[in-house]
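Work through the exercises below with the structure open. Each task is followed by a solution in steps.

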Amino acid sequence: MNEYEVVICSHPKDFTKLLKVVRFAAFNLVPSPKRFNIIVPDFAYSDVYKQRKNMEDLSLGIPIKIYSDSQILSQDRDRIRYRKNWIFQQFLTLFNDVTDTDYYLDMKSDAIILRPLRVFDDHGNPQLFVSRSEGYKEYYWNFSKKMIGLDQENKEYSFICDIMMFNKDKINEMIKFADLESSDEFIEKSIDIIDEETRTWLSEYELYGNYVYKEHADLYTIKKLNRLILGVENKQWDNHNIFHAIGRSTFEEYDMVALNTWTTERSEPSIEEEE
């Protein structure tokens, strides 16, 4: 059976949810991951590290490692011209190299898994999790076409669903597919082409999911998630609202609930649901 670890890139706006994310993932991921790896901004590292013991008490014995941004990437995020923190976090997702396994399951730090979720199929192939399509979002595909020369391959669903099984070898292969030699070159080219005026920006899930869907259709099994997305603007989720959302989502038989905290730089709707 394939082994994997979990990677969670988190930000202070999601710290009130982080313990629940780890707890529910430890309980519901099948098989269990070998380790949780949590990456946080430098300024928050010491505070999160102090919570490591609390997390391990909730993780059913699965080890936890905490990393700071600068331990992973040295690039200056201020060079990113559009939503620098969001884009930089996606670079961390793609190029973290903190796991001892070839596969790693990236989870967003506001995504709570509500029921048992198998990450490999009966043949040992990883599940490629998808959600319903929200139409052709040109800004993601503008980036994909400029970066690796691929437009959207499947319009039935989206690869953006708060959870993605990555494979290190396939990421390195995608770098070569873009005629580049390293993750540093990939990041530099990304910074050059990401631009608000031309509506060109990165979704690491759409980019990678679309690439392996086209180039390695036999590697992954498509698995649609039934998820609920709830959001608040510019404020923290408290425990009362978190557990209310978990209760509602479980009662309505969702696989996952995403408890988004959106900042003022976001201009999309504040509440949506996956059917």
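**Exercise 1.** Find the angle at which α7 and helix α9 pack in this predicted model, and classify the pair.

*Solution.* 
Step 1. Take helix α9 as residues 204-215. Its axis and that of α7 are 11 Å apart. The packing angle is about 85 degrees.
Step 2. Angles of 65 to 115 degrees count as roughly perpendicular. α7 is therefore roughly perpendicular to α9.
Step 3. List the contact. α7 supplies Lys170, Ile171, Glu173, Met174 and Phe177. α9 supplies Leu207, Tyr208, Tyr211, Val212 and Glu215.
Step 4. Sort these residues by class. Seven are nonpolar, three are charged and no polar residue takes part.

**Exercise 2.** Determine how α6 and α9 cross, and which residues meet.

*Solution.* 
Step 1. Helix α6 covers residues 138-148. The axes of α6 and α9 come within 10 Å. They cross at roughly 60 degrees.
Step 2. Roughly parallel needs an angle under 35 degrees, and roughly perpendicular needs 65 to 115. α6 and α9 are therefore oblique to each other.
Step 3. Assign the hand. α6 passes α9 in a right-handed crossing.
Step 4. Name the partners. On α6 they are Tyr140, Trp141, Phe143, Ser144 and Ile148. On α9 they are Glu206, Leu207, Asn210 and Tyr211.
Step 5. Count by class. This contact of α6 with α9 has six nonpolar, two polar and one charged residues.
Step 6. Look back at Exercise 1. Leu207 and Tyr211 of α9 meet α6, and Leu207 and Tyr211 also belong to the contact with α7.

**Exercise 3.** Describe the crossing of helix α1 and helix α10.

*Solution.* 
Step 1. Locate the helices: α1 spans residues 15-28 and α10 spans residues 239-251.
Step 2. Their axes come within 10 Å and cross at roughly 35 degrees. The crossing is right-handed.
Step 3. From α1, the contact takes Thr16, Lys17, Lys20 and Phe24. From α10, it takes Asn239, Ile242, Phe243 and Ile246.
Step 4. The classes are four nonpolar, two polar and two charged residues.

**Exercise 4.** Which residues line the second largest pocket, and which element gives the largest share?

*Solution.* 
Step 1. The volume of the second largest pocket is about 150 Å³.
Step 2. Its lining consists of Leu94, Phe95, Asn96, Asp97, Tyr104, Lys168, Ile171, Asn172, Ile175 and Ser183.
Step 3. α5 (84-95) and α7 (168-177) are the ones that give two or more residues. The largest share, four residues, comes from α7.
Step 4. By class, the lining has five nonpolar, three polar and two charged residues.
Step 5. Connect this to Exercise 1. Ile171 lines the pocket, and Ile171 also takes part in the contact of α7 with α9.

**Exercise 5.** Inspect the backbone at proline 31 and arginine 199.

*Solution.* 
Step 1. Valine 30 and proline 31 are joined by a cis peptide bond, with omega about -5 degrees. Proline 31 sits in the loop between β2 (29-30) and β3 (36-40).
Step 2. Arginine 199 is not a glycine, yet its phi is positive, about 50 degrees. Arginine 199 lies in the loop between α8 (183-193) and α9.

Conventions: Residues numbered from 1 in each chain as written. Predicted model: local features only at pLDDT ≥ 70, side-chain atom pairs only at ≥ 80, totals over all residues. Heavy atoms only, no water. Axes fitted to C-alpha atoms, helices over the stretch in contact; angles between N-to-C directions. Left-handed = near helix turned anticlockwise from the far one by under 90°. Contact = heavy atoms within 4.5 Å. Nonpolar A, V, L, I, M, F, W, Y, C, P; charged D, E, K, R; others polar. 1 Å grid on protein atoms, 1.4 Å probe; cavity = no way out; pocket = protein on both sides within 12 Å on 5 of 7 lines; lining within 4 Å. Points joined across faces, edges and corners; volume = space filled by probe spheres on them. Parallel < 35°, antiparallel > 145°, perpendicular 65-115°, else oblique.
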